[in-house]
Amino acid sequence: MDIARRNNVTVAGDPGGRAVVLAHGFGCDQNMWRFTVPALVAAGHRVVMFDYVGSGRSDPAAFSPRRYASLDGYARDVVEICEAADLRDVVFVGHSVSAMIGVLALGLAPERIGALVMVAPSPRYIDDEGYRGGFSAQDIDELLDSLESNYLGWSAAMAPVIMGNPERPELGAELTNSFCATDPEMARVFARATFLSDSRDDLKRVDVPTLVLECTQDAIAPREVGAFVHRAVPGSTLITLDATGHCPHLSAPEATNAAITGFLAGLR
């Protein structure tokens, strides 16, 4: 199998620089990182981007409902991308659900991943005893029911809420268009894998330098979640960006890039 074609892998920057893998969130694609790539290239890094199967310009023929019914399938994709390009000790930058996919990939192939950057992460979206994920079980059931019955309508309603920044409607429109460009059947599978996942125990096993980035207001990952991730990952660094919404790499790229490049500069 041609992994580069399967996941539409693209590479930029210095071939001899430390590799930084950028992983998009649900309903998105690698284009969402377009404001981050120049900052990483300027800092001397080799930047590797890709689309999860079912997203962006990935190969739809590679989609398997069984493989991608859990986050493990997406984590295996990450490992296979690193293996195919012979990438080791990469910095994995994951947005939203990809932060947890990166944690799982680290567990599968620790020699491939040397550091993590989690952008607006959430290890569990559903509230639990002693834990606030931001949603009740009923909330998530209703969200998934709405998504499965009318994906385009759900996208138009939810994308602006996820993006935040209502005073900048072009941002919500971009996310809406990204959601709507995703195949509905594949999106349903990814949505269930995302919103029903629970990766809290996996965080305790992270043993690489980790940066956790949260926003001051985020409808998907409230600040209690950022604090939980920070406490759960030994030695992690938590930065609260001067940004709102769930996609700071789009809504506040300068602050996001400064935090990421500052963290990278401190790595050995």
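Predicted model: local features only at pLDDT ≥ 70, side-chain atom pairs only at ≥ 80, totals over all residues.
Colleague: How many aromatic pairs does the structure hold, and what describes a pair of aromatic rings?

Modeller: A pair of aromatic rings is described by the distance of the centres and the angle of the planes. The structure holds 14 aromatic pairs. In one of them, tyrosine 52 and phenylalanine 190 lie 5.9 Å apart from centre to centre, and with 70° between the planes the pair is edge-to-face.

Colleague: Which parts of the chain does the pair of tyrosine 52 and phenylalanine 190 link, and are the two residues buried or exposed?

Modeller: The pair links distant parts of the chain, since tyrosine 52 is in the loop between β3 (46-49) and α3 (71-84), while phenylalanine 190 is in helix α8 (residues 184-195), 138 residues apart. Both tyrosine 52 and phenylalanine 190 are buried, and they belong to one aromatic cluster, whose members include Phe26, Tyr74 and Trp154.

Colleague: What can be said of the pair formed by tyrosine 131 and phenylalanine 228?

Modeller: That pair is also edge-to-face, with 4.9 Å from centre to centre and 75° between the planes. Tyrosine 131 is in the loop between β5 (113-119) and α5 (137-149), and phenylalanine 228 is in helix α10 (residues 223-232), 97 residues apart.

Colleague: Why is tyrosine 131 called buried, and which charged end sits over its ring?

Modeller: Tyrosine 131 counts as buried because its relative accessible area is 6%, and the cut-off for buried is under 20%. The charged end of arginine 200 sits over the ring of tyrosine 131, 4.9 Å from the ring's centre.

Terms used:
Residues numbered from 1 in each chain as written. Heavy atoms only, no water. Phe/Tyr/Trp six-rings, centres within 6.5 Å; stacked < 30°, edge-to-face > 60°. Helix = DSSP H or I, 4+ residues; strand = E, 2+ residues; numbered from the N terminus. Buried < 20%, exposed > 50% of the residue type's maximum accessible area, 1.4 Å probe, protein only. Lys NZ or Arg CZ within 6 Å of the ring centre and 35° of its normal.
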